[in-house]
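Student: I have a new structure to look at. Could you walk me through how to read it?

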Amino acid sequence: MAGRVDLDGNPIKPITICMIGAGGFIGSHLCEKLMSETDHAVLAVDVYNDKIKHLLEPASLPWAGRIQFHRINIKNDSRLEGLIKMADLTINLAAICTPADYNTRPLDTIYSNFIDALPVVKYCSENGKRLIHFSTCEVYGKTIGSFLPKDSPLRQDPAYYVLSEDTSPCIFGSIEKQRWSYACAKQLIERLIYAEGAENGLEFTIVRPFNWIGPRMDFIPGIDGPSEGVPRVLACFSNNLLRHEPLKLVDGGQSQRTFVYIKDAIEAVHLMIENPARANGHIFNVGNPNNEVTVRQLAEMMTQVYSKVSGEPPLEVPTIDVSSKEFYGEGYDDSDKRIPDMTIINKQLGTNLLPFLQLKFLIQDIVLTVKFNPVVIIPGWDPKTSLWDLLESTLTYQHRTYAEAIKKATSKPVAS
Ligand code: NAD
Ligand code: UDP
C-alpha cells in the first residue's frame, strides 16, 4: 500500500485511529476498508464485535496486529481517555440510532447521543487530537417546503427542500413528538464540537449520513436480534421479504428518502481521514441525491429485487398500510424529504485537478520544455451505485445470510 497519495498529491503516512462504535454497521465497513486498503491501525471500541469478527480472527490475517478490539462501554470506562491519547484520530460512531427507540426510549437516546459523546469531545480537545464525529441528516428535521400548502408551486423549488450544511435551518416538531429527541441531541453535540473548534482549536469533522444502507445493517428480528425489535427500514423490509409477509408502509409510505450504498459512503469517510486539511472544520452531508424514492417506491423495488435474487415469485399483496402510532407508538413524527446538497463535499473532497506537470531540460544551452498531460486527475468522491444495484447486492447478502435460518425458525413445531 506504499505510494498512496492524498488529494493534493502528498504521500499518506500511516496513523492510529481510535474508532468508537467500530462493531456497528458503518464501523464494520470502515474497519474492512482500512484493513484491506491502507496501512492505518485501528483501536476498535464497542460493546459488541460480531460484525467485525472476520477482521479480528484468525491471527494469520494479513492485517493482524493492525486492529485491536476493546470491549468498552463508553458510558463508564476510564480506559477511553488512554485509547484516545494513543491515537492520532478518533472517530465516534457510537449511538442509539434506530427511530423506533427515539420516542419509546427518549432518555437513553438523549444520553447516548449527547451525554455519552461529551467525554469523547473533551478528551480530543484537551489532548489536541483530531475528531471525526458522526451526526445525522436528521438534524435538518423537516423541510421548509413541508409547511407550504400542498398545492403550492414553491414545493417544487429546490430552495424549499434541498438540505445545505451552511444555510438550511433545523426544523423539529414539538416536544411531545419525542421522535426529535435523537435529532436534537445530535444537533447539540454538533454545536458543542463546533464551539470547541472555535474557542479551543479542536480539529473536527462532522459527518451527516443520509440513509447509508447495505449488508450488516441492523438485525433481523428473532434471528440475530430481539423478536419484538424494530430496526431501520432496510432490515424491516428485508425481514418481511424473508418471511413472505407484506411490507408495512408507515402512514402510507409517502415520506421520501435518498439512499446511498455503504461502500460509496465509506469512500467519503476514507477521504476525510486521509485529507485532514480539506476535512477539518467542515460539516459534510454524505448521501446520494440521485437515489430518491418514496418509502412506497422503495418497498416496490425491494419486492422486485428480492424476487430476482431469491428466485421466489413476489407476494400477491406486497404491501400493507399501517399507522405510525400502531407501528412506532405515541410521539412518532417523520422527516418528509431528504435531498443532500453536495456542494461542500464536492468542493472539499471531489475530483482534484493538480496543476499540469512541466519539465524543463537544458540541452547544450537550449531549454527544452516538455509538457505532459495538461492536468493530473486525482479522483475524489463520487457516489455512483444506483438504488437498484445497491439493493441487488444487499438483498443477495440478506438472502444468503438469513433465508435458511428463517426457514428453520418458522418450521419449528410450536410447543403444546
Ligand atoms: P449501529 O447501531 O450499527 O452502530 C453503532 C455502534 O455503536 C454499535 O455497534 C453499538 O454497539 C455501539 N455503541 C453504542 N453505544 C455504545 C457505548 N456506550 N459504548 C460502546 N459502543 C457503543 O449504527 P450505524 O448505522 O453504524 O451508525 C453509526 C453512526 O452514524 C451513529 O452515530 C448514527 O447516529 C450515525 N448515522 C447513521 C446513519 C445510517 O444511515 N446508517 C444515518 C444517520 C446517522
Ligand atoms: N418505514 C416504513 N416501514 C417500516 C420501517 C420504516 O414505512 O417497516 C418508514 C419510516 O416511517 C420512515 C422511513 O421508512 O418514513 C425510513 O425509516 P428508517 O427507520 O430507515 O429511518 P429514517 O430514515 O426515518 O431515519
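Tutor: Helices (H or I, at least four residues) and strands (E, at least two) are DSSP runs, numbered from the N terminus. This is a predicted model, where local features need pLDDT of at least 70, side-chain atom pairs count only at pLDDT 80 or more, and totals for chains, interfaces and linings use all residues. Residues are numbered from 1 along each chain as its sequence is written, chains are lettered from A and ligands numbered from 1 in the order in which they are written, and side-chain values use heavy atoms, with hydrogens and water left out.

Student: What radius of gyration does the protein have, and what would a compact globule have?

Tutor: The radius of gyration is taken over C-alpha atoms, and the globule rule is 2.2 Å times the number of residues to the power 0.38. For 416 residues that rule gives a value near 22 Å, and the protein has 23 Å, which agrees. Along the principal axes, the C-alpha atoms fill a box of roughly 95 × 60 × 50 Å.

Student: How many of the residues count as buried?

Tutor: Buried means under 20% relative accessible area, exposed over 50%, and partly exposed in between (1.4 Å probe, protein chains only). Here, 51% of the 416 residues are buried.

Student: Where does strand E2 lie, and is it enclosed or open?

Tutor: E2 covers residues 41–46, and five of its six residues are buried, so the rest of the structure largely encloses it. Two strands pair if DSSP finds at least two bridges between them. Strand E1 (residues 16–20) runs parallel to E2, with five bridges between them. In one of these, Met 19 has Ala 44 in E2 as its bridge partner.

Student: Which residues of helix H6 are buried?

Tutor: In H6 (residues 118–126), they are Val 120, Val 121, Tyr 123, Cys 124 and Ser 125. Those residues pack against several elements, including E1 and helix H7 (180–200). After H6 comes Gly 128, with a positive phi near 65°.

Student: And where is Val 230 found?

Tutor: Val 230 sits in the loop between strand E8 (212–213) and helix H8 (233–242). With a relative accessible area of 26%, Val 230 is partly exposed. Contact means heavy atoms within 4.5 Å. Beyond its neighbours within four places in sequence, Val 230 is in contact with Thr 98, Ala 100, Phe 219, Cys 236, Phe 327 and Tyr 328.
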